[in-house]
Amino acid sequence: MQIKIVQGKAVTPYIADLAGLRTTVFRAFPYLYEGSEDYEASYLATYAQSPESLFVLALDGEKIVGASTGVPMTDASDVFKAPFVAAGIDPQKVFYFGESVLLSTYRGRGLGVRFFEEREAYAHQLGRFEWCAFCAVERPRYHPLRPADYVPLDDFWGKRGYTHRADLRMMLAWQDIGEADETEKPMSFWLKPVR
């Protein structure tokens, strides 16, 4: 296993592989995402446009098996900034963690912790952020597609020092597996002070 750090446009050669990885991982609960690799490549290209974006890649040989991203909140889409503006938190003080995706066969090896450590260290290094933040989808506890053995990541995030901020919420639309149309899902943020 190798961890590779890339920033901004340096991620361009990896975008197609990352799009495939995101589409694969987000099909699982709780996202249930019926995505397309074309859309994902376009989404990732917007991150590449930010010179201060961060990509933490986990490789097994030449194969990307996991990745996490981060970007100054000011470079994220307005829908992500809006809850902070409404709560009186300056988006310029927030470093946003876009996602962490890891193939299931590589979980339990400490890569999730490493993803957080690398992004937190980078936000600290940039020197102007007060908060690290990410958002997560909220699914009903008794969702019909929730696996019986599903364990939410809330405890993992709490152990990393993140606090759930239910007041920082937004709606994001995507097409669920087996559905014909996009529907909006509630998303809420988790925050940790940059140290």
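**Fold, core and surface of a predicted model**

Along the sequence, the protein follows the pattern β-α-α-β-β-α-β-α-β-α-β-β, where helices (H or I, at least four residues) and strands (E, at least two) are DSSP runs numbered from the N terminus. The radius of gyration is 16 Å, close to the 16 Å that the globule rule gives for 195 residues, so the protein is as compact as a globular protein of that length; the radius is taken over C-alpha atoms, and the rule is 2.2 Å times the number of residues to the power 0.38. This is a predicted model, in which local features need pLDDT of at least 70 and side-chain atom pairs count only at pLDDT 80 or more, while totals for chains, interfaces and linings use all residues. Residues are numbered from 1 along each chain as its sequence is written, and side-chain values use heavy atoms, with hydrogens and water left out.

Buried residues (under 20% relative accessible area, 1.4 Å probe, protein chains only) make up 46% of the 195 residues. The largest nonpolar core has 59 residues; such a core is a set of buried Ala, Val, Leu, Ile, Met, Phe, Trp, Tyr and Cys residues joined through side-chain atoms within 4.5 Å. Leu18, Leu57, Phe84, Tyr96 and Phe189 have the most contacts inside this core. Leaving aside residues up to four places away in sequence, Phe84 touches Met73, Ile89, Val94, Ala133, Leu168, Phe189 and Leu191, contact meaning heavy atoms within 4.5 Å.

Among contacts between residues at least 6 apart in sequence, 70% join residues at least 24 apart.

Conventions
Buried means under 20% relative accessible area, exposed over 50%, partly exposed in between (1.4 Å probe, protein chains only).
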